[in-house]
Amino acid sequence: MLSVDNLEVTFAFGTDEVRAVRGVSFNVQQGESYGIVGESGSGKSTVLRAICGLAPVSGGRVTLDGVDIPAPRTPDFYRRVQMVFQDPYASLHPRHTIDSVLSEPLSIQGFDRRDERIAQALEEVGLGQGFRFRYPHQLSGGQRQRIAVARALILEPQILLLDEPTSALDASIQAEVLNLLDRLRAERGLTYVMVSHDLAVISHMCERLVVMEHGLAVEELTRADLRSHRAETDYTRKLLKASAGYTREDEPA
Amino acid sequence: MSLLEVENLRVTFPTRKGPAEVVRGVSFTLGRERLGIVGESGSGKSQTGRAILGLTPPPGAATADRLSFDRTDLRSLSAKQWRGLRGKRMSMVMQDPKFSLNPVMPVGKQLMEVLRTHGAGRAAAREKALQMLDAVQIRDPERVFRAYPHELSGGMGQRVMIAMMLVSEPDLLIADEPTSALDVTIQIEVLRILDKLVSEQGMGLIFISHDLRLVSSFCDRVLVMYAGRVVEELKASELHQAQHPYTQGLLNCLPQIDEDRHPLPTLDRDAAWAD
């Protein structure tokens with residue numbers, strides 16, 4: 001459904017160039033949940049941002065159902081593809097009520113029955129009508145992230161790009177948000193592309209994943225590969241080992 | 001003999017609705033070991049760490065029935081006595097190196113500042129600073145010594161922070177989420193440095209974190225905090241035998257690489273836990 005072919009992203013500052021993504025390719029099937037794992041600076045978030053037009057694509061193709069996605073992105077594209085950002089403290093306008101946060105995409109896309117849709121979106125993320133006229137500062141981190149998910153889903157998109165949706169949340173709240181994402185995907189047949197530095201979260205959420213390092217895709221794995229620690233590259237093995245926690249006997253790397 | 005004794009520590013902040021107690025009667029003793037304090041946001045774990053160092057931000061106030069460090073009563077220290085203790089015998093590493101280092105001063109100068117304040121000569125301070133940068137496994141200490149904080153990555157910055165806290169070879173180090181801002185692989189390296197300091201220099205370490213699994217793999221003993229109280233104290237190796245439903249819930253709700261549980265169990269908070 002969504003296909004990324006040899007994607008490159010270069011940021012230029014004067015004469016300096018940073019090649020943040022250096023040729024990444026993957027295909028995401030309809031209804032699939034696809035993970036991108038890597039450490040800070042590996043370019044994993046940049047891939048998502050490039051897909052939805054927030055980072056400059058300097059090479060390669062991104063296609064949706066076999067058609068090149070237009071640059072700049074059109075409203076039609078955003079109707080089908082929406083993004084949820086990492087930090088719910090930064091991604092909601094502090095002076096807009098939840099109602100106006102949710103009605104803005106509706107008015108941009110010219111949706112009807114806005115009132116009903118907002119009410120329904122709030123119900124779906126488990127918040128209810130009572131939250132509708134609150135401001136973000138009156139909400140906890142988990143509630144904010146639910147609003148961010150509601151804002152993305154209110155346009156009934158087919159693909160959701162999730163950039164570390166739970167890394168700013170406590171463990172117990174993370175479980176709630178992951179369950180919510182799981183349930184919504186099952187109910188609506190959504191397709192996810194999820195970025196995280198946490199292998200456990202990706203293994204829980206995604207059927208397939210790609211491991212990125214320094215802007216390159218080093219390895220593509222299935223969930224089963226990950227669970228049985230069948231990693232081909234040293235880097236992935238190192239990540240897997242570090243994710244298991246601290247071990248005293250280890251020699252310094 | 002224990003290094004630090006804390007009994008019935010309470011931290012309160014005045015609010016419009018009357019005083020809010022964020023730490024409510026925490027007691028523990030610390031020897032020359034690794035003690036973990038775990039809890040979620042707002043559980044009072046960081047305020048506990050700060051209160052021990054007398055760093056409760058005003059208008060908050062900390063009280064305790066007993067708060068002694070190496071037989072010194074910390075409750076009645078003057079500002080001058082605190083200065084002699086903090087940085088020299090007890091130190092704290094904060095969460096984010098971006099906010100804890102002076103952005104307009106080279107790293108080396110900041111390291112030397114600590115030593116100079118505690119009475120070292122210029123040349124000796126410089127040498128010691130370089131030595132500590134080396135000890136936290138910074139590959140090119142000379143370059144980092146001259147660098148400004150913005151020229152360093154997160155992992156490097158956090159190592160510099162640790163080096164800074166350790167230049168004076170403290171007896172007690174309080175590390176407040178020292179690795180939360182770091183990648184997993186770097187996290188392990190930073191922990192290894194701390195581990196070495198505990199085992200080789202006999203330092204006491206309080207490791208504050210929200211990551212129960214990480215803490216249990218690294219520390220000797222774990223205190224689990226909820227709503228300002230210690231709800232459970234455990235040996236790290238016996239974490240899976242946790243009795244308190246909060247600790248169990250916290251452990252259960254984490255996704256695991258080699259497990260398939262849909263949906264994840266969530267934590268049902270019981271109002272009684274807070275009492």
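These exercises, with worked solutions, cover strand pairing, helix packing and the chain contact in a predicted model.

Local features need pLDDT of at least 70 and side-chain atom pairs count only at pLDDT 80 or more, while totals for chains, interfaces and linings use all residues. Residues are numbered from 1 along each chain as its sequence is written, and chains are lettered from A, ligands numbered from 1, in the order in which they are written.

**Exercise 1. Describe the pairing of strand 4 of chain A with strand 1 and strand 5 of chain A.**

Step 1. Strands (E, at least two residues) and helices (H or I, at least four) are DSSP runs, numbered from the N terminus. Two strands pair if DSSP finds at least two bridges between them.

Step 2. Take strand 1 (residues 2-13) of chain A. It runs antiparallel to strand 4 (residues 57-64) of chain A, with 6 bridges. Glu8(A) faces Gly59(A) of strand 4 across the pair.

Step 3. Turn to strand 5 (residues 67-68) of chain A. Strand 4 of chain A pairs with it over 2 bridges, again antiparallel. Thr63(A) has Asp68(A) as its bridge partner.

Step 4. Check the hairpin. There are 2 residues between strand 4 and strand 5 of chain A, and Asp65(A) has a positive phi near 50 degrees.

**Exercise 2. Give the strand order of the open sheet of 6 strands in chain A, and find its edge strands.**

Step 1. The order is 6-7-8-3-9-10, and the pairing is mixed.

Step 2. Strand 6 (81-84) and strand 10 (216-222) of chain A are the edges, each pairing on one side only. From one strand to the next, the twist averages 20 degrees.

Step 3. Look at one parallel pair. Strand 3 (residues 33-38) and strand 8 (residues 191-196) of chain A share 5 bridges. Tyr34(A) is opposite Val193(A) there.

Step 4. Helix 9 (residues 234-243) of chain A lies across strand 9 (208-213) and strand 10 of chain A, at about 105 degrees to strand 9.

**Exercise 3. Classify two helix pairs by their packing angles.**

Step 1. Set the rules. Axes are lines fitted to C-alpha atoms, for helices over the stretch in contact; angles run from 0 to 180 degrees between N-to-C directions. Angles under 35 degrees count as roughly parallel, over 145 as roughly antiparallel, 65 to 115 as roughly perpendicular and the rest as oblique.

Step 2. In chain A, helix 3 (residues 98-108) and helix 5 (residues 141-153) pack at about 25 degrees, axes 8 Å apart. Helix 3 of chain A is therefore roughly parallel to helix 5 of chain A.

Step 3. In chain B, helix 4 (residues 107-117) and helix 5 (residues 122-135) pack at about 120 degrees, axes 9 Å apart. So helix 4 of chain B is oblique to helix 5 of chain B.

Step 4. List contact residues (C-beta atoms, placed from the backbone, within 7 Å). Helix 4 of chain B contributes residues including Leu111(B) and Leu115(B), and helix 5 of chain B residues including Ala129(B) and Met132(B).

Methods
Contact = placed C-beta atoms within 7 Å.
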